[in-house]
Amino acid sequence: MTDEEREVAMDKALKAMTAFSNKYTTNTGTYYCEDKGIPAVVIKGLAEHKVTLGTPLCPCRFYEDKEKEAKEGYWNCPCAPMRERHECHCMLFLTEENDFAGDDQTISYEEVKDRCGGCEGL
């Protein structure tokens, strides 16, 4: 993949992961962290994994073999702990009672880019 192709793929994946995250918060009654920099960086990480692995593997964990983990699906966003117990290790999707939960269930593509502060690939 050329640098230009990667940039286009990242832009497309970032838009898709932002839309997915917004829909997921609304559908599950969860919220973004009051510091919107947290969801912005997590969404960027999901987008990077979507481009490099073909699936939004949780970017907040260490994996000895990312490709294997991506195929198994347990840590693909939304991960099994989030789907089963509403527990998001990344603090992307927070329940109302979480001390760090803000009031927002949406974040814009532009806000994600701005909050990443010139992150590589954006």
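## Ile-43, a buried residue

Let's start with Ile-43. Its relative accessibility is 0%, so it counts as buried, the cut-off being under 20%. Keep in mind that this is a predicted model. You'll find Ile-43 in helix α2.

What does Ile-43 touch, once neighbours within four places in sequence are left aside? Its contacts are Leu-14, Met-17, Thr-18, Ser-21, Tyr-32, Leu-92, Ile-107 and Val-112.

Helix α2 runs over residues 37–53, 17 residues in total. From first C-alpha to last it reaches 24 Å, close to the 24 Å expected at 1.5 Å a residue. Just past the end of α2, Gly-54 adopts a positive phi of about 85°.

## The nonpolar core

Now for the wider picture. The largest nonpolar core has 26 residues, and Ile-43, Leu-92 and Phe-93 touch the most other members. Helices α1, α2 and α5 each put in at least two residues. In soluble globular proteins, nonpolar side chains tend to be buried together.

Phe-93 has its own set of partners, not counting residues up to four places away in sequence: Phe-20, Ser-21, Tyr-24, Thr-25, Thr-30, Tyr-31, Cys-77, Met-82 and Cys-88.

Notes:
Residues numbered from 1 in each chain as written. Predicted model: local features only at pLDDT ≥ 70, side-chain atom pairs only at ≥ 80, totals over all residues. Heavy atoms only, no water. Helix = DSSP H or I, 4+ residues; strand = E, 2+ residues; numbered from the N terminus. Expected span 1.5 Å × (residues − 1). Buried < 20%, exposed > 50% of the residue type's maximum accessible area, 1.4 Å probe, protein only. Contact = heavy atoms within 4.5 Å. Core = buried A, V, L, I, M, F, W, Y, C linked by side-chain atoms within 4.5 Å.
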